[in-house]
Amino acid sequence: MASSHRVVMLPGGAKLVTAAMPERLSASVVLMFGGGSRLEDERLAGVSHFIEHLFFKGTRRRPTSKEIADAIEGIGGFVNASTDKELTAYWTRVPSEHLDVGLDVLFDIVSNSRLDPADVERERSVILEELKMYQDQPQDHVQNLFEELMWPGHPLGRDIAGTQESVSRLTRDDILEYADAHYRLPHVVIGAAGALDEVAVLDFVRPRLTLPGDLDGAVQALAPGPLDGAHVMVRRQRTEQAHICLGVRAYSYTHPDRYAIDIFNTVLGEGMSSRLFLNIRERLGIAYDIHSFMQKHSDTGYVAVYLGVDPKKAVQAVNAVMVELRRFADEEVPLEELERAKEFTKGRLRLELETTNGVAFWLTYQELLLGQIRTIDEELALVDAVTVADIKRVAAEILRGPLQMAVIGPFSGDGAFRSAIQA
């Protein structure tokens, strides 16, 4: 699937990664830029996300968002983008015979956007409404509150879209300056996968590398400071459910134990055969949605648990989660359970790489953030190498760190929650 690929250094410092998949009927392209909301100071919070929105509003060749959408949807394709904390990606998936259209549209929007003043003001209103929408969705909002606790006073702890205040004050000049500094060729990796001719893709890409090729005083991301202890944040709100997020700092995506922490997370709360699902939803019957998840950044990360629960049973549910966490440090995961988690992890990766879009992202992400690309066989071997001793060791290590917990629900105080996590 992703075992055969080609990496080419391009003029100006960009890289092209291609994987020919001749048996497919589609082709996918990803333009991935290093840098996202983590590089923004408080004054510019949300500017990366703002730019991503604006690039779809019109270019000099395709002056309206409709013309951009029509170019891709008129051939049956998909086009989208996303902003993360350490990268921004623009992608398209098209029928393979129209790959040149997909490439042309992506390069057009990142190289020739008009950033029209009227579009800036219209999109500002849209993003402000987007921020309000997420604040009205407690299952999403609680994760933002949790990240504020996990990374206090740091850009990692801020909503990728910024704040009402920062988005309201961003000017077009701010946006132009930031885009010029970050949308440069040394920051970009282009990934293409599917039924494609790798030489033809290279020939198509070369003349479209019109972004600046030099670096303009690139800003280095600051590492988050240490946590001073366990904290609980309760946001009082009249909700039918309590929404709770709790977790600890963990590993970066370059850490040698990142595969062990992946398996730990799978055993804990990935899927319907995980411990959280079986013991808290199925056995105790006190939560409908309960799962664990991770975030990995270049120098840090976290493991967290989300649960939606009847407010009257919220403390009981948190205590039950704590029991499951302590089990990892106290006892080894049975071999059968470890093998199930490995097969779950490997199977999900294989399924993800069945699509051309999955392969394009897989290759581009690795090349941009890790500087090397592992084949799927190499990746699966690293998963298989995780032992029960590894799981117990990493669990004991991360669980020594202070827990952080955010709660949204009809609560007047936080005392019971603090007691549950010993904050």
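Predicted model: local features only at pLDDT ≥ 70, side-chain atom pairs only at ≥ 80, totals over all residues.

Modeller: Residues are numbered from 1 along each chain as its sequence is written, and side-chain values use heavy atoms, with hydrogens and water left out.

Biologist: What radius of gyration does the protein chain have, next to a compact globule?

Modeller: The radius is taken over C-alpha atoms, and the globule rule is 2.2 Å times the number of residues to the power 0.38. With 423 residues that rule gives a value near 22 Å, so the protein chain agrees with a compact globule at 23 Å.

Biologist: How much of the protein chain counts as buried?

Modeller: Buried means under 20% relative accessible area, exposed over 50% and partly exposed in between, using a 1.4 Å probe and protein chains only. Of the 423 residues, the buried share is 54%.

Biologist: Which elements do the buried residues of α10 pack against?

Modeller: Helices (H or I, at least four residues) and strands (E, at least two) are DSSP runs, numbered from the N terminus. Helix α10 covers residues 275-283, and its buried residues are Arg275, Leu276, Phe277, Asn279 and Ile280. Counting contact as heavy atoms within 4.5 Å, those buried residues pack against α9, β9, β10, α11 and α12.

Biologist: Arginine 275 lies over the face of which residue?

Modeller: A charge sits over a ring if NZ of Lys or CZ of Arg is within 6 Å of the ring centre and within 35 degrees of the ring normal. Arginine 275 is 4.7 Å from the ring centre, and the ring belongs to phenylalanine 328.

Biologist: How do phenylalanine 293 and tyrosine 302 pair, and what is the angle between the planes?

Modeller: Rings of Phe, Tyr and Trp (its six-membered ring) pair if their centres lie within 6.5 Å; planes under 30 degrees apart count as stacked, over 60 as edge-to-face and the rest as tilted. The structure holds 13 such aromatic pairs. This one is edge-to-face at 6.0 Å centre to centre, with the planes at 80 degrees.
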